[in-house]
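Please look over the sequence and the model shown below.

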Amino acid sequence: MLDHRHLATIRAALRYWREEMTPHGTSATTAYFGADDAASLDAVEIAELIRDLETLQIGYLVLDGDTQTVVRNQIQAAPPPIVGSPLTSKIAVVLY
């Protein structure tokens, strides 16, 4: 489940990508994208994305797995315990 350490790792990977890969253009980055992926971001767009990721908060919601509706309409700071059957409840990660 996505947490603050995951976001920190993503930001670090984006910094690496911006510094080491984007100067070489698409010839260096094409191999990392699948056929259905959108075009890669340029260095300026990656810097903007990193800034956006630095301001995000992570929250968690419990969802009913059958209906995909929110069980409790309050974003939690930590993953809440599953209410009801673990087979039908899910936790959604909310970035805000």
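This is a predicted model: local features need pLDDT of at least 70, side-chain atom pairs count only at pLDDT 80 or more; totals for chains, interfaces and linings use all residues.

Gln-68 lies in the loop between S1 and S2.

**The loop between the strands**

- Gly-65 counts as buried because its relative accessibility is 16%, and the cut-off for buried is under 20%.
- From the C-alpha atom of Gly-65 to that of Ala-77 the separation is 21 Å, with the two residues 12 positions apart along the chain.

**The chain as a whole**

- The protein chain holds 3 helices and 2 strands.
- Read from the N terminus, these elements follow the order α-α-α-β-β.
- The chain is more spread out than a compact globule, because its radius of gyration is 18 Å, well over the 12 Å given by the globule rule for 96 residues.
- The C-alpha trace spans about 50 × 30 × 15 Å along its principal axes.
- Buried residues account for 24% of the 96 residues in the protein chain.

**A patch of negative charge**

- Four residues, Asp-42, Glu-45, Glu-48 and Asp-52, gather on the surface in a patch of negative charge.
- One of them, Glu-45, has its place in helix H3, which covers residues 43-55.
- The relative accessible area of Glu-45 is 34%, so this residue is partly exposed; membership of a patch requires over 30%.

**A nonpolar patch**

- Met-1, Val-93 and Leu-95 make up a nonpolar patch on the surface.
- Together, these three residues have about 260 Å² of accessible area.
- Val-93 is found in strand S2, which runs over residues 89-95.
- Val-93 counts as partly exposed because its relative accessibility is 33%, and the patch cut-off is over 30%.

Notes:
Residues are numbered from 1 along each chain as its sequence is written. Side-chain values use heavy atoms; hydrogens and water are left out. Patches are made of residues with over 30% relative accessible area and no salt bridge: like charges are joined within 9 Å, nonpolar side chains (Val, Leu, Ile, Met, Phe, Trp, Tyr) within 5 Å. Accessible areas come from the Shrake-Rupley method with a 1.4 Å probe; for residues, only the protein chains shown count as cover. A salt bridge is a side-chain nitrogen of Lys or Arg within 4 Å of a carboxyl oxygen of Asp or Glu. Lys and Arg count as positive and Asp and Glu as negative; His and the chain ends are not counted. The place of a charge is taken as NZ of Lys, CZ of Arg, CG of Asp or CD of Glu. Helices (H or I, at least four residues) and strands (E, at least two) are DSSP runs, numbered from the N terminus. Buried means under 20% relative accessible area, exposed over 50%, partly exposed in between (1.4 Å probe, protein chains only). The radius of gyration is taken over C-alpha atoms; the globule rule is 2.2 Å times the number of residues to the power 0.38.
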